[in-house]
Amino acid sequence: MMDVVTLSRVQFALTAMFHFLFVPLTLGLSFLLAIMESLYVITGKVLYKEMTKFWGKLFGINFAMGVTTGLIFEFQFGTNWSYYSHYVGDVFGAPLALEGLMAFFLESTFVGMFFFGWDRLSRVQHLMTTWLVAFGSSMSALWILLANGWMQNPVGATFNPDTMRMEMNSFADVIFNPVAQVKFVHTAAAGYTTGAMFVLAISAWYLLKRRNLQFAKMSFIVAAGFGMAAVLATVLLGDESGYEMGDVQKTKLAAIEAEWQTQPAPASVTLFGIPDQARQTNHFAIEIPWLMGLMVTRSFDTPVAGINQLMDEHEVRIRNGIKAWALLKKLQRDPASPAPEVRKEFDAVKKDLGYGLLLKRYMSDITRASDADIRQAVKDSIPQVAPLFFAFRIMVVCGCGLVLIIFLSFWSVLRRRVGEKRWLLRATLYGLPLPWLAMESGWFVSEYGRQPWAIGEVLPTFAASSELSRGDVLFSMILVCSLYTLFFIAEIFLMLRFARKGPDGLKAENNQSLKHHSP
């Protein structure tokens, strides 16, 4: 039976991954709309305007769903993770507030102008509006991913023993956090790829059906060019993300690669295998020599730490964390005039306090922890390997499929043979789920790989939750999942309805509506 913490984690995972269905498409389509409208303003061809309006309708449906699910998603920080909000709210709240003030308001305001400003703004003014929608979408993603990147690598903040909270000491460090920066550009590029694949797949369907051929071909051409740049950027930035992970999140990297022992440099990568965490081995492993060492360290002589070595390091940090907890209690007993030597000792080991808190799962007074308790906490410091191992490989396989489909589509554009190869059109259409599978798998790897931490090496997940009953969480989970199911049905219904009608059908519908409302 799942406890309150596990239920809260499941609910958070479901809402986050559901919300993430809409985010990448919003990112990608917003820039494609800006490119299409730029072509309209530059060339004066009405076809580009029709493309912008049609794909803009699908963007609007997706944008509305993304906003709705995102609002519900963020409420959980107060309802299910109240101690998390108390402990790190001074730091974590800043980028979220800036996302609302600088990005969401900008994006939402200009979305309205995009839809209702065609007959009220000049061409250039409306084009600026569309680019501001695209800019606002990416800015929104930036601030959200800065917050998430801080959860992975909490720089620019320190623990204050007087307030028992994390407090920001450098906003610049939070903004320029290398993990957050790489995470943003990689996620944004993947979102652009998603938008390109969406337009390619629907355009391919029109071409297969011999409908709206000129519209479909031009949409296919624009999406193929944009998608080629986006998918190459995604691959390159994914490599950079792996490099940063090897520098900052060694435990996550070792779990993703199921590397139990530290290998001689340069380390090999396990292409496929079946991880066995109990025996700390990989069954039926297929390895590629040197590859992981070169990707992660970019050298021939730097080793990549294995899980066993990391567990030894974690044991040392847990024991230091116990010392930090004992010193913290001394400081709390005399907060008005703490002994300088006690404060100095605490400052020397406070970076390991989070590791000591791992023992809170088993006892209230961690200074009484036995060697067996410490060994159990060491085991808890490693996430479950198999889900990460397979999720990462699902992401890579889907990514390779996307590279192949988009490259072949782009090649058909270069050779002026768009729509001639029906097998390519079918592959493009059936490949539509690939970017979502890749994005969801990648997001799972990012978040599940952070475990057992809510804030990396600072606050364990089990200590971050609210004091709720199982019934409370189950009720909210059922309610949220029911609402999200309705949202998903509405999204699919509306997307299919508008896509099947096509630009001609929507144009006829709009003309009929204008006749109906004319005096």
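These notebook entries record what I looked up in the structure.

**Basis.** I worked from a predicted model, in which local features need pLDDT of at least 70, side-chain atom pairs count only at pLDDT 80 or more, and totals for chains, interfaces and linings use all residues. Residues are numbered from 1 along each chain as its sequence is written, and side-chain values use heavy atoms, with hydrogens and water left out.

**Entry 1: helix 15 and helix 17.** I took helices (H or I, at least four residues) and strands (E, at least two) as DSSP runs numbered from the N terminus. I looked up how helix 15 (residues 385-414) passes helix 17 (residues 434-448): their axes come within 8 Å and cross at roughly 150°. That makes the two helices roughly antiparallel, a class that holds angles over 145 degrees. The axes are lines fitted to C-alpha atoms, for helices over the stretch in contact, and the angles run from 0 to 180 degrees between N-to-C directions. I noted the crossing of helix 15 and helix 17 as left-handed, that is, the near helix is turned anticlockwise from the far one by less than a right angle.

For contact I used heavy atoms within 4.5 Å. Helix 15 contributes residues including Pro387, Phe392, Met395, Cys398 and Ile405, while helix 17 contributes, among them, Leu434, Leu437, Phe444, Val445 and Tyr448.

**Entry 2: nonpolar cores.** A nonpolar core is a set of buried Ala, Val, Leu, Ile, Met, Phe, Trp, Tyr and Cys residues joined through side-chain atoms within 4.5 Å. Buried means under 20% relative accessible area, exposed over 50%, and partly exposed in between (1.4 Å probe, protein chains only). The largest core has 81 residues, of which Met51, Trp55, Leu58, Phe198 and Val199 touch the most other members. Helix 7 (residues 178-209) supplies the largest share of this core, 15 residues. I then followed Phe198: apart from neighbours within four places in sequence, Phe198 is in contact with Leu25, Leu29, Trp55, Leu58, Leu432, Trp436 and Met495. A second, separate core of 64 residues includes Ala147, Met311, Leu358 and Ala454.

Entry 3: I located Ser137 in helix 5 (residues 123-152). Ser137 counts as buried, at 4% relative accessibility. Leaving aside neighbours within four places in sequence, I found Ser137 in contact with Thr26, Leu27, Ser30 and Glu107. Gly70 belongs to helix 3 (residues 46-79) and is buried, with a relative accessible area of 12%. The C-alpha atoms of Gly70 and Phe22 are separated by 9.4 Å, the two residues being 48 residues apart along the chain.

**Entry 4: backbone geometry.** I listed two cis peptide bonds. One runs from Ala265 to Pro266, with omega near -10°; Pro266 sits in the loop between helix 9 (250-256) and strand 3 (269-276). The other joins Gln451 and Pro452, with omega about 15°, and Pro452 is placed in the loop between helix 17 and strand 5 (453-455).

Arg210, a residue other than glycine, has a positive phi near 60°, and it counts as exposed at 54% relative accessibility. Asn212 lies in the loop between helix 7 and helix 8 and has a positive phi of about 45° although it is not a glycine. Asn212 is buried, with a relative accessible area of 15%.

Conventions
Angles under 35 degrees count as roughly parallel, over 145 as roughly antiparallel, 65 to 115 as roughly perpendicular and the rest as oblique.
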